[in-house]
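The following note sets out some points on the architecture of this protein chain. Please read the points alongside the sequence and the coordinates.

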Amino acid sequence: MIPKSIIEKEISNLSSTLKPITAQMHTWAEKSIFLKWGVLSRGKFHCFECAHSWKPESQSKSCQKFIKCTSCGGKLKIQGCNQVHFREIEYFGVLDVCQDYQVVRIICSHKHMKKNVTPTYSHKEVMQHWINPKGEVRTMSLSTNVFSHAYDAWQYYSSLEIRPKNFQNSPKYQINPYKVYPHMKVLPILKRNGFKTGVYNIAPQILFTALLKDSIAETILKAKQTSLLSYYLQSPHQKILRNWQAVKVCLKNNYIITDYTIWEDYIATLQWFKKDLSCPSFVCPENLNASHDKLVAKKRELQRKKYLIKMRAEIQKVQKVYAEEKKCFFGLCFSHQNLNITVLENVQDFMEEGDILQHCIFTNEYHKKNNSLLFSARIDNIPVETIEVSLSKMEITQCRGIKNNKSKHHKLIMSLMKKNLYQIHSRMKKGKSVKR
Ligand SMILES: [Zn+2]
């Protein structure tokens, strides 16, 4: 894009006066931003770092994810797909100052690796974010290949050009360099607003613009709430603002939120219990994880109680219908030694049976099935299996224990049931004649 406005012309001119990225910076990046790689190829390990190759000592070593090179001592990540030629791409950032601008320079680095040779590198500055003291930003960047699916398919032979104002909406703007070159040049106003050297995993251009125009970001950083800060800058701001009262209590009490997402969940649970969020003893728990877990368990228990009350009311309603339909079978009981098989007479029993044996007879509303009759098989009065009998076919449809598996009494239960199916049949005939 050809620079048109005064600012665009100014930035384009200033950009050409910046010193090139130095060989020293490149060397630092080559050491700091890449992994070391190795590959197992034709029964031998190959170090992509020093080109050394050797035979693994044992079979088990050949399936490790990391291995130490026996020559250079590098901790090598093992290339899974047995490639002998590949590259790694990574970004690093350089912080520069030019007149009143904070400049965030983004360099894209390639590491080319090949079996039996040492790696080669290439580096190219692909973007410059120019940030003025008001926190307004304009970006210069290389062109990208519009036919590629990747948003950062840079055309390395193009030159840095000023991009439109709305470039901040592009995914390219969000690119977060893996590391920032440690010798930084930073505007004094950024230091005044709390920046020291850490970027806390936040893209520097995003951190700097926030520190220059958003007093909340500045407050959070100065309070050393780095987990909170990165969350604040990454997610929609409303989420933090919704809890702003509680956040302020933390800031006032020098309470560091170690994990913002857990803390947020904890605050939401406090709210559910209608606790006072201006009270530090609630909002600033000494052990966040333990307090969170305890409170969530308490909430779950309460919800379960509420659910049971609701279920009981529901059960009373359906019990009448159920009794009316299955009354003629009530009292049926088949026994053999300490095994008792009885008809489920109450809908409540369906729920308890389902809870104990962890199957779905209650949740799937077997009590509402017209054509089925359900029995509980118990040893010393403890449920071991539930039996469903089809009333139209007069046969056992299913007979299941814990989590729908067979119990060790399954055979005995089945034979006792089969022997007594005739009793169900005769009750049914009697029931029908009564109905008529
Ligand atoms: Zn090596």
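1. A nonpolar core is here a set of buried Ala, Val, Leu, Ile, Met, Phe, Trp, Tyr and Cys residues joined through C-beta atoms within 7 Å. A residue is buried if 20 or more other C-beta atoms lie within 10 Å of its own, exposed if 12 or fewer, and partly exposed in between, with C-beta atoms placed from the backbone.

2. The model is predicted: local features need pLDDT of at least 70 and side-chain atom pairs count only at pLDDT 80 or more, whereas totals for chains, interfaces and linings use all residues. Residues are numbered from 1 along each chain as its sequence is written.

3. The protein chain is divided into domain 1 (6–188), domain 2 (214–286) and domain 3 (318–435), with bounds that come from an automatic or database domain assignment. The centres of domain 2 and domain 3, taken over C-alpha atoms, are 55 Å apart.

4. The largest nonpolar core has 50 residues, of which L207, F208, L211, A217, L229, Y232 and L233 touch the most other members. At least three residues of this core come from each of domain 1 and domain 2. Contacts of L233 (C-beta atoms, placed from the backbone, within 7 Å) are made with I202, I206, L207, A210 and A217, not counting residues up to four places away in sequence. A second, separate core has 17 residues, including L344, V347, A377 and I424.

5. Helix 4 (residues 204–213) is largely enclosed by the rest of the structure, because nine of its 10 residues are buried. Helices (H or I, at least four residues) and strands (E, at least two) are DSSP runs numbered from the N terminus. The buried residues of helix 4 are P204, Q205, I206, L207, F208, T209, A210, L211 and L212.

6. The axes of helix 9 (residues 260–272) and helix 11 (residues 288–326) come within 10 Å and cross at roughly 40°; axes are lines fitted to C-alpha atoms over the stretch in contact, and angles run from 0 to 180 degrees between N-to-C directions. The two helices are therefore oblique to each other, since angles under 35 degrees count as roughly parallel, over 145 as roughly antiparallel, 65 to 115 as roughly perpendicular and the rest as oblique. Among the residues making the contact are W263 and Y266 of helix 9 and H292 and L295 of helix 11.

7. N338 lies in the loop between strand 12 (333–336) and strand 13 (339–343). With 11 other C-beta atoms within 10 Å, N338 is exposed. Leaving aside neighbours within four places in sequence, N338 is in contact with I379 and D380.

Technical notes:
Contact = placed C-beta atoms within 7 Å.
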